[in-house]
Amino acid sequence: MTLNIPTILTLLRILIIPFFVLLYYLPYGWAHLSAASLFVIASVTDWLDGYMARRLNQTSRFGAFLDPVADKLIVATALVMLVERNPTSFNNIVLALPAIVIIGREITISALREWMAELGQSAKVAVSIIGKIKTIAQMIAIILLLYAVHIGGISSADVGLGFLYVAAVLTLWSMLLYIRAAWPILVKN
């Protein structure tokens, strides 16, 4: 394992998670803004590590493995914390549904990609443009939900929830595309 700049950025995203959780649960008015800001930093490093790996020609098998793991860990952590915030509220049920879809899809597609890689068919389930758009909508949603303030009379949490549903729809769409691409190989084996 070679530690290069992209891999260090990915590891940083994983190391941010405990601080992100701590900030979110602190009983101070600035805590949610701080947690949202840390999530923004993590989101930027998600883009930056991939960009730098390609730009500096520092791609590695370890980095290719670790990057999606880091993404899924911080996204799942954020979604679980957001759902946990008020487990008895109807609004939380509305939040839990897309969170379950997103986390469930990530587990399913990760398993599918691993299996396809074992069969030498990983190109069939490579990241698509729909997956990238889903990731952008998901990151915007989580940032707005974490921040949870009113901006100009509009609740950032309400806008974030809208983005989360867009992300959930794109999540299902991309999952269906991946499964359809892998289906001929799935039914053969």
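Is Glu106 buried or exposed, and what is its relative accessible area? Glu106 is buried, with a relative accessible area of 10%, where buried denotes under 20% relative accessible area, exposed over 50% and partly exposed the range in between, computed with a 1.4 Å probe on protein chains only. The model is predicted, so that local features require pLDDT of at least 70 and side-chain atom pairs pLDDT 80 or more, while totals for chains, interfaces and linings use all residues. Residues are numbered from 1 along each chain as its sequence is written, and side-chain values use heavy atoms, with hydrogens and water left out.

Glu106 is located in helix α4 (residues 90-118); helices (H or I, at least four residues) are DSSP runs numbered from the N terminus, as are strands (E, at least two). Not counting residues up to four places away in sequence, Glu106 touches Lys72, Lys134 and Gln138, contact being defined as heavy atoms within 4.5 Å. With Lys72, Glu106 forms a side-chain to side-chain polar contact of 3.2 Å. A polar contact is a pair of N or O atoms within 3.5 Å; within protein, one must be able to donate a hydrogen and the other to accept it, and residues adjacent in sequence count only if both atoms are side-chain atoms. Val69 and Glu106 are separated by 37 residues in sequence and by 9.9 Å in space, C-alpha to C-alpha.

Helix α2 (residues 31-55) and helix α3 (residues 61-84) have axes that come within 11 Å and cross at roughly 160 degrees. This makes α2 roughly antiparallel to α3, given that angles over 145 degrees count as roughly antiparallel, under 35 as roughly parallel, 65 to 115 as roughly perpendicular and the rest as oblique. The axes are lines fitted to C-alpha atoms, for helices over the stretch in contact, and angles run from 0 to 180 degrees between N-to-C directions. Phe39, Ala42, Asp46 and Asp49 of α2 make the contact with Asp67, Asp71, Ile74, Val75 and Ala78 of α3.

Ser174, in helix α6 (residues 156-188), counts as buried at 0% relative accessibility. A polar atom of the Ser174 side chain lies 3.1 Å from the backbone oxygen of Thr171. Beyond residues up to four places away in sequence, Ser174 touches Arg105, Ile130 and Gly131.

Asn4 is placed in the segment before α1 (5-25) and, at 10% relative accessibility, also counts as buried. The side chains of Asn4 and Thr7 make a polar contact of 2.8 Å.
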